[in-house]
Amino acid sequence: MTVGERAATLAIDADAALTLFVPGVTMGIPMESWPQRHRITVHDYHRMGEIGVFAPDARVELIEGEIIDMAPIGNDHQSIVDQLNRAFVLAVGERAIVRVQGSIRLSQWSEPEPDVALLRPRADFYRGEFALGTDTLLVIEVSDTTLKYDRDIKVPLYARHGVPEAWVVDVNGSALLVYGDLRDGKYERHVVLDRPATVPLTHLPGITIDVGALFAP
């Protein structure tokens, strides 16, 4: 059984119709919004991992209570993540923690795993508790086969939970999508940079990141 199949066993088809049987009368009552799918909490999610529900090499994340299979990492994706990791580590020094393909806890229902995240410095490197959306300075998603999902699902999710800035690397479009100016749970700034060279870090003044090599032919 795959991870997706395991997750499916935890869900109920919300489009199913409920039929009530009363002696002498049969009533078919469509229930468009019931039964609801069972949402998994972050506690459930981690417990499932502890007891071995997921394969050791499974790549999954929890989004709004649903376990989502993440796309396999191809060469382009991995190369870009590695380049970003090196660029950020060299640039930010002690001013931020660079987390690569690790989780950020946004709520009791969501714990995504951005490809790169900049976290506010902590002496224990978040060993004592999970990093939250408000602990982040920036999250980055590298999108080669998942652009619509990253852009339309994950970016708004980050905004709703206090992540101040998000980037999406559009690998196939050779562009960097920059979201910022967080206000009332939404990003008011959305800029598409075609084959950018350097990009400033809004929440680490004075630091710029050279991203030109990410889009090299």
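Here is a walk through the salt bridges and nonpolar cores of this structure.

It is a predicted model, so local features need pLDDT of at least 70 and side-chain atom pairs count only at pLDDT 80 or more, while totals for chains, interfaces and linings use all residues. Residues are numbered from 1 along each chain as its sequence is written, and side-chain values use heavy atoms, with hydrogens and water left out.

Let's start with charge. Side chains of opposite charge can pair when their charged atoms come close. The structure holds 12 salt bridges, each being a side-chain nitrogen of Lys or Arg within 4 Å of a carboxyl oxygen of Asp or Glu. One of them joins glutamate 50 and arginine 47, at 3.4 Å from N to O. Both sit in helix H2 (residues 42–50), three residues apart, about one turn of the helix; helices here are DSSP runs of H or I with at least four residues, strands are runs of E with at least two, and both are numbered from the N terminus. Glutamate 50 is exposed at 60% relative accessible area, and arginine 47 is partly exposed at 46%. For those words, buried means under 20%, exposed over 50%, and partly exposed in between, using a 1.4 Å probe and protein chains only.

Now for a buried pair. Lysine 154 forms a salt bridge with glutamate 61, their closest N and O atoms being 2.9 Å apart. Lysine 154 lies in helix H4 (residues 147–160) and glutamate 61 in strand E3 (residues 60–63), so this pair ties together parts that are 93 residues apart in sequence. Lysine 154 has a relative accessible area of 2%, and glutamate 61 has 1%. These two also belong to a salt-bridge network that includes Glu141. Back on the exposed side, glutamate 188 pairs with arginine 183 at 3.6 Å, and both residues are exposed.

On to the nonpolar part. A nonpolar core is a set of buried Ala, Val, Leu, Ile, Met, Phe, Trp, Tyr and Cys residues joined through side-chain atoms within 4.5 Å. The largest one has 25 residues, and those with the most contacts inside it are Leu84, Phe88, Leu118, Trp167, Val169 and Leu201. Helix H3 (75–92) and strands E6 (116–119), E7 (136–143), E8 (166–170) and E9 (175–183) each supply at least two of its residues. H3 gives the most, with five residues. Apart from this core lies another, of 20 residues, among them Ile63, Ala117, Tyr158 and Val163.
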